[in-house]
Amino acid sequence: MVNTAMPARTSTGADPVRPFRIGAYGFVVLGAGHLAFTAAGASATPTPEQRAADTAMRESTFTLLGLERTTLDVTHGMSIAMALFVIACGLLMLAAVRHAPHLVRRRTAFGRVSLVTSLAAFGLALLLLPAPPIVILPVTSCAFALSLRRGAAD
């Protein structure tokens, strides 16, 4: 009798689920870390340069669909919302692979989209973001790439 509890192995003998989970946990850590840094920054005493930038962003407003917002409001709101979405994405990946590991054991769009998203975010991080995402996103990208490499071809 075949033990169905054992993970399906690919031709390389390695299960692609483990690296995929590492990538997904990386997304959770990235989002949670972003929220922690945001909270720490909000409670820190701003430098004179930060105060000047905050003042300029508070004075810059725009109205969209009848809602007036400052540039500072939009920047902070989008930043927090994106961190929450990254956490949710990572948690959904973990839940999906737990309940349907075949999504990763075979080379499907699920794994490809994860890799492409991670690589795109890494590229943006190199151009626009500070060190933490520049450190975390290559790890997630390599993990997703390894998972795809280990997965069975369609």
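Mentor: Here is a short chat about helix packing and aromatic pairs. This is a predicted model, so to speak with limits: local features need pLDDT of at least 70, side-chain atom pairs count only at pLDDT 80 or more, and totals for chains, interfaces and linings use all residues. Residues are numbered from 1 along each chain as its sequence is written, and side-chain values use heavy atoms, with hydrogens and water left out.

Trainee: Okay, at what angle do α1 and α3 pack?

Mentor: Helix α1 (residues 17-43) and helix α3 (residues 71-99) pack at about 155°, and their axes are 8 Å apart. That makes α1 and α3 roughly antiparallel (angles over 145 degrees count as such).

Trainee: What residue classes are in the contact of α1 with α3?

Mentor: That contact has 19 nonpolar, 5 polar and 1 charged residues.

Trainee: Switching to rings: how many aromatic pairs are there?

Mentor: The count is 3, with ring centres within 6.5 Å; planes under 30 degrees apart are stacked, over 60 edge-to-face, the rest tilted. F20 and F144 form a tilted pair, 5.1 Å centre to centre with 55° between the planes. F20 sits in helix α1 and F144 in helix α6 (residues 131-150), 124 residues apart.

Trainee: Is F144 buried or exposed?

Mentor: F144 is buried, at 1% relative accessible area (buried means under 20%).

Trainee: What about F27 and F144?

Mentor: F27 and F144 form an edge-to-face pair, 5.5 Å centre to centre with 85° between the planes.

Trainee: Which residues do the ring pairs link into a cluster?

Mentor: F20, F27, F110 and F144.

Methods:
Axes fitted to C-alpha atoms, helices over the stretch in contact; angles between N-to-C directions. Helix = DSSP H or I, 4+ residues; strand = E, 2+ residues; numbered from the N terminus. Parallel < 35°, antiparallel > 145°, perpendicular 65-115°, else oblique. Nonpolar A, V, L, I, M, F, W, Y, C, P; charged D, E, K, R; others polar. Phe/Tyr/Trp six-rings, centres within 6.5 Å; stacked < 30°, edge-to-face > 60°. Buried < 20%, exposed > 50% of the residue type's maximum accessible area, 1.4 Å probe, protein only.
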